[in-house]
Amino acid sequence: MAAAAQPARKSYFFEKGYQDIAATIKGAWTRNGASIQRYRDHLNGLGDKGVTARVFLAIANILAMAAVVVCGSLITAAITLVNVLVLVVFMAVLYLGFTAIWAVDRLYLVHKRIFTACHECKKKSLIPTYLCPRCGAKHTNLTPGVYGILRRTCSCGEKLPTTFFNGRKNLEAECPRCGHRLADRESRPLCIPVVGGRSVGKTAFITAFSKEFLETVAPQKGLETEFYNGRKERIYQEIVQDFQTGNTRITDRPQDVKLASAVSFSFFVKHASLSPERLVHIYDIAGEVFTNNDENEVQQQYEYCQGIVFILDPFAIPEVRFQYEELLSPEDLAGIGRADLNDVIDSFLNKLREVTGLSDSSMSTVPLAVVISKIDSAGLDQDVGQRAVEKLMKAQPQVFTDFFNTQDYLCRKFLRENGMESFLNNISLQFKNNRFFACSAIGHSRGKGPYRPEGVLPPMEWLIQNADPKLGQLWGEHVFPKKPLSAGPAQY
């Protein structure tokens, strides 16, 4: 089942074994022929014998040759047939055995939703390229096969495990496409892109969520976390620094086309009941790169991601900015995302069509969390935040019985009343599983003290519950109704 040649020695039974049995069969027939030739030589050497002796010896050698031709050939053919049958039966058992082990290995990966998502080129692969720990040779298909069933022997002599249950995940690996070093160790990836235009608050959202989840949620829920590698740990150090100072970083647009446009913050989540461990990738991409569709790499994470967070800056909506502009601080005014929201969603949908083949008449099955950000500014919390939700639930308790359904309703209502009907229609048309949230990642104007996040955890928890019910159950902070309330005013 290995299509490409591997830097390994083929198993004896898949190469040398065939050669040895062929040599055995050939040797038997060669010895049979040699016996006939020996009797023929005896006939040719009877010239110095008497007539009676020559006749007797000639008859004896002729009979002997006939016996070898008939009986010897039959015996040799029978032995050859037995050898072939034994080989066929043995090899059939061997092939069935390694096929069964290969199938178990493959079914385990598929059933456990294990695959490799390269955080650089975004290539998805079921089996990455594994490296020999002794010589560094690249094994592109380290699975049970002709090079070995449970282990294969590298060209250098090193024994390499070939399945999930005997240690393959502990080998160093790299992406089959770009060669970037991977440390996935056969975990289940949870890939969540955070998208939106420039200055809408994507990086602040990721900063607030990551700090809150890793340092508050995970310890409270008995979840163990571990950074993907040293680079991701350094990213988290920057996250902690931003969280403490109240600053936000504009996601850089890489000038080197060899560098990834979408950067992931990645960490493992482990628990006794999680098998395999989870690997969370949260992708961030510069807003102008996202809007202009000029990324350095194809954003294949949209094809296999388990959820998407779409961040929108409410003050980028002309009606909202006109209504609240005088209430905004200079820092908040400077940080308004200026991209037209309809252009941003159109750009996003075009990217999805390009990557996934999504058509206008079909709806993506990927859950979409639409998050209205910056609700701490200009008192926007009174429209879509916690105070607004609690007020409406108190006023109409018979209708609004769930916090997040009520917030979803208020967010849609807010957008509809501010001229975003087309945006709402696009979301409903293209994403059959969507929910609206409101949050403030920083909790105040930039640079005015440590983060005081509000509402950053629920969007991610909802996506996790959709993507991974087991991890969602362990998190278990909130219960989300399966379907949000209709935002149509006729219902109320």
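Strands β14 and β15 pair in the parallel sense over five bridges, where two strands count as paired if DSSP finds at least two bridges between them. This is a predicted model, in which local features need pLDDT of at least 70 and side-chain atom pairs count only at pLDDT 80 or more, while totals for chains, interfaces and linings use all residues. Residues are numbered from 1 along each chain as its sequence is written, and side-chain values use heavy atoms, with hydrogens and water left out. The protein chain has 15 helices and 16 strands; helices (H or I, at least four residues) and strands (E, at least two) are DSSP runs numbered from the N terminus.

**The chain as a whole**

- Of the 492 residues of the protein chain, 50% count as buried, a term that stands for under 20% relative accessible area, with exposed meaning over 50% and partly exposed in between (1.4 Å probe, protein chains only).
- Among contacts between residues at least 6 apart in sequence, 72% join residues at least 24 apart, a contact being heavy atoms within 4.5 Å.

**The seven-stranded sheet**

- An open sheet of seven strands runs in the order β11-β12-β13-β10-β14-β15-β16, with mixed pairing.
- Its edge strands are β11 and β16 (434–438), each of which pairs on one side only, and the twist averages 25° from one strand to the next.
- Strands of a sheet pair through backbone hydrogen bonds, either parallel or antiparallel.
- Strands β10 and β14 run parallel and are joined by two bridges, with Val-309 of β14 as the bridge partner of Val-194.

- Helix α4 (residues 230–245) lies across β11 and β12 and runs at about 100° to β12; axes here are lines fitted to C-alpha atoms, for helices over the stretch in contact, and angles run from 0 to 180 degrees between N-to-C directions.
- Helix α12 (residues 403–417) lies across β14 (308–312), β15 (368–372) and β16, running at about 85° to β16.

**Salt bridges**

- The count comes to 19 salt bridges, each being a side-chain nitrogen of Lys or Arg within 4 Å of a carboxyl oxygen of Asp or Glu.
- Glu-158 forms a salt bridge with Arg-134, the closest N and O atoms being 3.3 Å apart. Glu-158 lies in the loop between β6 (151–154) and β7 (159–161) and Arg-134 in the loop between β4 (129–131) and β5 (138–139), so this pair ties together parts that are 24 residues apart in sequence.
- Glu-158 counts as partly exposed at 22% relative accessibility, whereas Arg-134 counts as exposed at 53%.
- Arg-185 forms a salt bridge with Glu-226, with 2.8 Å between the closest N and O atoms. The pair links distant parts of the chain, 41 residues apart, with Arg-185 in the loop between β9 (181–182) and β10 (188–195) and Glu-226 in strand β11 (residues 224–227).
- Both partners are partly exposed, Arg-185 with a relative accessible area of 26% and Glu-226 with one of 31%.
- The side chains of Arg-188 and Asp-468 meet in a salt bridge at 3.7 Å, N to O. Arg-188 lies in strand β10 and Asp-468 in the loop between α14 (457–467) and α15 (469–475), so the pair ties together parts that are 280 residues apart in sequence.
- Arg-188 is buried, and so is Asp-468.
- Salt bridges that share partners join Arg-185, Glu-224, Glu-226, Lys-270 and Glu-277 into one network.

**Arg-435, a buried charge**

- Arg-435, found in strand β16, is buried yet has no salt bridge, and the nearest side chain of opposite charge, Asp-408, is 4.8 Å away; Lys and Arg count as positive and Asp and Glu as negative, while His and the chain ends are not counted.
- The side chain of Arg-435 reaches the backbone oxygen of Pro-481 at 2.9 Å.
- Leaving aside neighbours within four places in sequence, Arg-435 is in contact with residues including Leu-368, Val-370, Phe-404, Asp-408, Trp-462 and Pro-481.

Methods. Polar contact = N/O pair within 3.5 Å; in protein donor to acceptor, adjacent residues only side chain to side chain.
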